[in-house]
Amino acid sequence: MVTPLQAPEEIKGMIKETTIKMSIESGKALKELAHSIKTMTSPLSANKHVSNAKTAAKNLKSLLILGFWEDINLLEVILVAAVASILTDIVICVEEIADSVNELASLSHFSSKETKVDSSKKSNIEATQSRKIHATNVVFDSQHNVS
């Protein structure tokens, strides 16, 4: 039997694990959706991440519905429950974003595969970015150099 002092930590742990999964999967989905828009390619793995986040949200809901709250001071776990509730809302929003990006991809005829950048063009892009970063650092250092 779990004592009242142990219960909040155990519950916090279960909720934490589920909310971390929701957060990670939502983040992966958003990253994939952003990449899809940037490259005008269909978001292939975003739906999998949204599905994983929704599954974690359902698991969290099941966890919160369970009847173990009777012997627990809810004030001790209210913050964790509030974060879980907000993350559940975020998962719903990520799903709506994914639906919108999928619709955009369909209407705009995004390609199904990312077109590969020619390796020489990629090297030129990387070299240009490196020069810009170096120039920015030189300007910043010269402006903030205190002798």
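What pLDDT does the chain average, and what percentage of the residues score at least 70?

**View 1. Confidence along the chain of the predicted model.** The chain averages a pLDDT of 76, and 64% of the residues reach a score of at least 70. Over residues 1–5 the pLDDT stays under 50. For residues 1–5 the model has four contacts beyond four places in sequence. A further stretch with pLDDT below 50 covers residues 114–118. This stretch, residues 114–118, has four contacts in the model beyond near neighbours in sequence.

**View 2. Packing of helix α2 against helix α3.** Helix α2 spans residues 46–65 and helix α3 spans residues 78–107. The two helices pack at an angle of about 155°, and their axes lie 10 Å apart. Because of this angle, α2 is roughly antiparallel to α3. The crossing of α2 and α3 is left-handed.

**View 3. Residues at the contact of α2 with α3.** Helix α2 contributes Asn-47, Val-50, Ala-53, Lys-54, Ala-57 and Leu-60. These residues meet Ala-84, Thr-88, Val-91, Val-94, Glu-95, Ala-98 and Asn-102 of helix α3. By class, the residues of this contact comprise eight nonpolar, three polar and two charged.

View 4. Leaving aside residues up to four places away in sequence, His-49 touches Glu-25, Lys-28 and Ala-29.

Notes: Residues numbered from 1 in each chain as written. Predicted model: local features only at pLDDT ≥ 70, side-chain atom pairs only at ≥ 80, totals over all residues. Heavy atoms only, no water. Axes fitted to C-alpha atoms, helices over the stretch in contact; angles between N-to-C directions. Helix = DSSP H or I, 4+ residues; strand = E, 2+ residues; numbered from the N terminus. Parallel < 35°, antiparallel > 145°, perpendicular 65-115°, else oblique. Left-handed = near helix turned anticlockwise from the far one by under 90°. Contact = heavy atoms within 4.5 Å. Nonpolar A, V, L, I, M, F, W, Y, C, P; charged D, E, K, R; others polar. pLDDT = per-residue confidence, 0-100.
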